[in-house]
Amino acid sequence: MNGKTKHAAIFLAIFLLWMKTYIVYKVSFTLPMDNFLQQFLLFFNPLSFLVFYFSMVYYFSPSKRRRVILWLSFIYSFILYANIVYYRFFSDFITVPVLFQTKNAGDMGNSIYELVNLTDVFFFMDVFILAYLLKQPRWSPDVSIVRKDRRKLFLAGLAILAVHISLAEANRPQLLTRTFDREILVKSLGTFNYHLYDIMLQSKSSMQKALASNIDAEKVLQKLKKDTAKNQELFGIAKGKNVIVISLESTQNFVLNYKINGKEVTPFFNKLAKSSYYFNHFYHQTGQGKTSDAEFLVENSLYPLPRGAVFQTNPLNEYNAMPEILKTNGYFSAVFHGNNKSFWNRDVMYKTMGYDQFFSEEFYNVTAENSINYGLKDIPFFEQSMPYLEDLPQPFYAKFITLTNHHPFILDPEDQWIDPYSVDDGTVSRYFTTVRYEDEALRQFFDHLKKSGLYDKSVVVVYGDHYGISERHEDAMAQVLGKESLTPFDHIQLQQVPLFIHIPGKKGRTVESIGGQIDVKPTLLHLLGIETKDDVHFGTDLFSEDHNDLTVLRNGAFINKDFVYTNETCYSNTFGIPVDIKKCEPYIDEAKDELDESDRIVYGDLLRFLKVK
Ligand code: GP9
Ligand code: MN
């Protein structure tokens, strides 16, 4: 035994990775801590996984053990690093479905380049230190470990895990059964246990469709087939009109009426807010599927999924999407997007949703001059779309997805019509310039519509798809908003995106209803004079007095007129200060049930049972 501890080599490896993970939690992720138990859990949580993980070493022959320890350390570090890079952009952790979204990876080159730093090499330093130390006799892997020692280590792992899980459950009851918020899972379980848990959820959701039955469907769907309250005055006001829906890339509501050096960032949107119905308390409800999740919400009035993009995971389900409903009302449907057709699996999903035509990249003349970042710039995109649009059979339902205002918000100098915001954070600083460009693209598109005569014959719906500036830019955003620092309440406010609905012949007004993307479908159908009582949908008409203002975000946070619930804290919506959690409790459950029900529909593909009848 030459005086050293039996498992010295793996203890050393465990110790180094444990400390590294904890440092990553503190430095690379933003994980707010409410109490001492949470602090302790955060520190403790890497250990249980690491003990099990490294007990594998002893299944290899003694001569290989050193190499196996190093490989395990490297793989662990690599997965942790992948999470760091993903987090830098998405403020979120990797899930299994995200790993299969590789189709999008080619287009993300710019974004990834922006997110990887040279200094990241230091992140792997400890693996080199370990390689060096394991060569020293004091730390070299023990060759004499026998089955009994292995079992002891495994039991120790089990004991640590039991303590860990009980503490995590004590800190947050029903952690494993009712949690949508990955941040809480990672805080409590640790990154790697969380990954294992995620793999388990993945297998469960894959089975859900096979096990779903007509009876489940009946139970879930019956109460959702409701006759959503309407606004009698506006019902059918746009009957038979064309519908043009525009998805604004990464556009948050705070840019409206914002000025830089005396110049408006969104001169056109500011005018549009006055000449249309403008919803100033409207939230995005997207998850990991970003733009595609927003499309899913708007056209199905179902929630996207807690993990992955529903466009990728369930593209062959039965839905009752806007294009399908409108087809039975005599509409032709088309979607326009200057990017590769398979991005977000759109080509497959659009067929499922009943689109008659998809004008993707191949329909456009895309050159080095007229493209940037992900592809065709918005101005030429709208310009080149016009002839196609004018040729569509009417009435049509046409959706346009903009692209230029996408992270990392790069722009050619000749397209820059406003100064970058002066702050020491390139992303935030550039954001304003690409928003300004997008605003101009919309202005020009509206001009084209007016010239072509389509403007007076079409309802135009414009919405922001999701945030552009993630939480990790909070210092710069505090400066933008003129605050000392941002609270979780402020972060929820930042999830507001603009929504405009222009109806020909109507002057419009600012609508104060609190709502989200899930509400667009019933709102729009009602304007077109289409009943919604046979449609399964979660949203309610934003124009109706009985509109349900409980707006649920995909991570279980919610907003209504009285409260904002986020980060396990209940805030007064009027004052933005924490109030007794009990006030939020009834809605916490309602919000979760709603997300659960929607997930059951999507995972179980339950709408197929409706169609049969
Ligand atoms: C890609 C575009 C951007 O075609 O819709 O997608 P996002 O990354 O915002 O989801
Ligand atoms: Mn987007």
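**Reading loops, strands and hairpins**

Reader: Proline 395 is found in the loop between α17 (378–391) and β10. What counts as a helix or a strand here?

Author: Both are DSSP runs, numbered from the N terminus: helices are H or I with at least four residues, strands are E with at least two. This is a predicted model, in which local features need pLDDT of at least 70, side-chain atom pairs count only at pLDDT 80 or more, and totals for chains, interfaces and linings use all residues. Residues are numbered from 1 along each chain as its sequence is written, chains are lettered from A and ligands numbered from 1 in the order written, and side-chain values use heavy atoms, leaving out hydrogens and water.

Reader: Which residue is joined to proline 395 by a cis peptide bond?

Author: Glutamine 394. Omega there is about -5°. Now look at histidine 407 and proline 408: their peptide bond is cis too, with omega about 5°. Proline 408 lies in the loop between β10 and α18.

Reader: Next, the sheet. What makes two strands a pair?

Author: DSSP must find at least two bridges between them. Strands of a sheet pair through backbone hydrogen bonds, either parallel or antiparallel.

Reader: How many bridges join β11 to β12?

Author: Four. β11 covers residues 458–464, β12 covers 499–502, and the two run antiparallel.

Reader: Positive phi values next. Where is asparagine 261?

Author: Asparagine 261 is in the loop between β2 (259–260) and β3 (263–264). Its phi is positive, about 45°, although asparagine 261 is not a glycine.

Reader: Is asparagine 261 buried or exposed?

Author: Buried means under 20% relative accessible area, exposed over 50%, and partly exposed in between (1.4 Å probe, protein chains only). Asparagine 261 counts as exposed because its relative accessibility is 63%. Compare serine 301, in the loop between α13 (290–300) and α14 (310–313). Serine 301 is not a glycine either, and has a positive phi of about 55°. At 0% relative accessibility, though, serine 301 counts as buried.

Reader: Why does tryptophan 71 count as exposed?

Author: Because its relative accessibility is 54%. Tryptophan 71 belongs to helix α4 (residues 65–90).

Reader: How many residues join β16 to β17 in their hairpin?

Author: Three. Strand β16 (residues 558–559) pairs with β17 in the antiparallel sense over two bridges. Isoleucine 559 has valine 564 as its bridge partner in β17.

Reader: Which residue takes a positive phi in the hairpin of β17 and β18?

Author: Asparagine 567, near 55°. Two residues lie between the strands of this hairpin. β17 and β18 (residues 569–572) pair over four bridges, again antiparallel. Here the bridge partner of tyrosine 565 is cysteine 570 in β18.
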